[in-house]
Amino acid sequence: MKTNYHTHTQRCRHAQGSEEDYIQNALQSDMAVLGFSDHAPFPDRDFGLRMPYSELAEHIHAIDLLTEKYSADIILCKGLEIEYLPEYRAYYEYLLQDQKLDYLLLGEHFYRDQTDCLVNITQARSTEDYVEYAHALVEAMKTGCFKIIAHPDIFAMNKFAWDKNCDIASDLIIDAALSTNTILEFNANGFRRGIHDYPDGKRFMYPHISFWEKVSDSHVRVIVGSDCHNPAQVWDDCLPDSYKRLNALGISPLEILESM
């Protein structure tokens, strides 16, 4: 069964295509489920690279209309990708309960550190930041608001060699995912970014093999996410390649989310 729960549209200002463009490509690829998870706005602050808050209701309404239009052809799900900041706990609950989203995808691009400053994990100062990032993910998972953790190993984008802090951060994330029954996403978009030079060799930015070897030793649930920013990426070669890589690690990813 072909499914994807990580889909962006032109509303986030760094992707292409409308909601219906993605549905059309999903149908051409014989997909059974397509979940939308555009970068969510915050109601009182613009963090950039996401839809304006003024478009949120329109986006949700558009998916509702398209769900009815294509009900005989494909299952559509309403989600959003968003960062966890403790002060927005009521907002996450509003999105799930009042706006009736099917899920929130935690994409922790930034987080609050111990000094209450916002830190972008893709601009880490050292691998010590990875541990603080992991603690932020742990706190988020404990809220129960997030069904899936998007690209949990995105910290590996930084130009540092894998070290003990990477191990500590990975263990924190994996242990919390297991104890909270949260799903970790194997993000196919990392393969689209290509191979790069790192202090410890050439590799993809993410997924990072060391992180996923640790996952393979656990019983954490895993799902493949396209993280598509173009309709042509809904089901491209990176998706079957991701399943092959997981199978080689002995990981059997989920195909469909329950209670959808």
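Thr 3 stands opposite Val 33 of strand β2 in this predicted model. The strand that pairs with β2 here is β1 (residues 3-4), in the parallel sense and over two bridges; strands count as paired if DSSP finds at least two bridges between them. Strands (E, at least two residues) and helices (H or I, at least four) are DSSP runs numbered from the N terminus. Between β1 and β2 the chain passes through helix α1 (residues 19-28), forming a right-handed β-α-β crossover. Right-handed denotes a clockwise path from the first strand over the helix to the second, with the strands pointing away from the viewer.

Val 33 also has a bridge partner in β3, namely Ile 75. Strands β2 and β3 (residues 75-82) pair in the parallel sense over seven bridges. Strand β2 (residues 33-39) is largely enclosed by the rest of the structure, because seven of its seven residues are buried. Buried means under 20% relative accessible area, exposed over 50%, and partly exposed in between (1.4 Å probe, protein chains only).

The structure holds zero disulfides, a disulfide being a pair of cysteine sulfur atoms within 2.5 Å. Cys 228 is in no disulfide, and the nearest cysteine sulfur, that of Cys 12, is 10 Å away. Cys 228 is buried, at 0% relative accessibility, whereas Cys 117 is partly exposed, with a relative accessible area of 41%.

Residues are numbered from 1 along each chain as its sequence is written, and side-chain values use heavy atoms, with hydrogens and water left out. Local features need pLDDT of at least 70 and side-chain atom pairs count only at pLDDT 80 or more, while totals for chains, interfaces and linings use all residues.
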